[in-house]
Amino acid sequence: MKEEVEIGAIEDQEAAPAGNNVVIPMSRRLVLTELTDRTCKWPIGDPMKEEFHFCGNDSPDTSPYCTFHAKLAYQPSGERRRAR
Ligand SMILES: [Zn+2]
């Protein structure tokens, strides 16, 4: 319940145009042991490969992901709009 309220608040703040110019943040390439409560835990790459790492950007208080990846994570799966 609490989460829903907070997500709604975030969306309200985001007055940015819903274009396809989404900036992907540079990841800090953290490994699992480097993650903390304040780092984005979005996995990047193939877990079976050496290059696998986590985003590691700053995450807001209540989110396991940075703002960018939180958006991806909470995107309704029903919505499948494509640019082309
Ligand atoms: Zn992230």
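How many disulfides does the count come to? The count is 0 disulfides, a disulfide being a pair of cysteine sulfur atoms within 2.5 Å. Before going on, note that this is a predicted model, where local features need pLDDT of at least 70, side-chain atom pairs count only at pLDDT 80 or more, and totals for chains, interfaces and linings use all residues. Residues are numbered from 1 along each chain as its sequence is written, and side-chain values use heavy atoms, with hydrogens and water left out.

So let's look at the zinc ion. Cys40 (SG), Cys55 (SG), Cys66 (SG) and His69 (ND1) coordinate the zinc ion at 1.9 to 2.3 Å; donors are N, O and S atoms within 2.8 Å of the metal (3.2 Å for Na, K and Ca), and as water is not among the atoms, sites may look incomplete. Along the chain, the zinc donors are spaced C-x14-C-x10-C-x2-H. Cys40, in the loop between helix H1 (2–13) and strand S1 (43–44), and Cys55, in the loop between S2 and H2, link distant parts of the chain, 15 residues apart. Helices (H or I, at least four residues) and strands (E, at least two) are DSSP runs, numbered from the N terminus.

What about burial? Cys40 is buried at 0% relative accessible area, Cys55 is buried at 0% too, and Cys66 is buried at 3%. Buried means under 20% relative accessible area, exposed over 50%, and partly exposed in between (1.4 Å probe, protein chains only).

Ser63 sits in the loop between strand S2 (53–54) and helix H2 (67–74), and Ser63 is buried at 10% relative accessibility.
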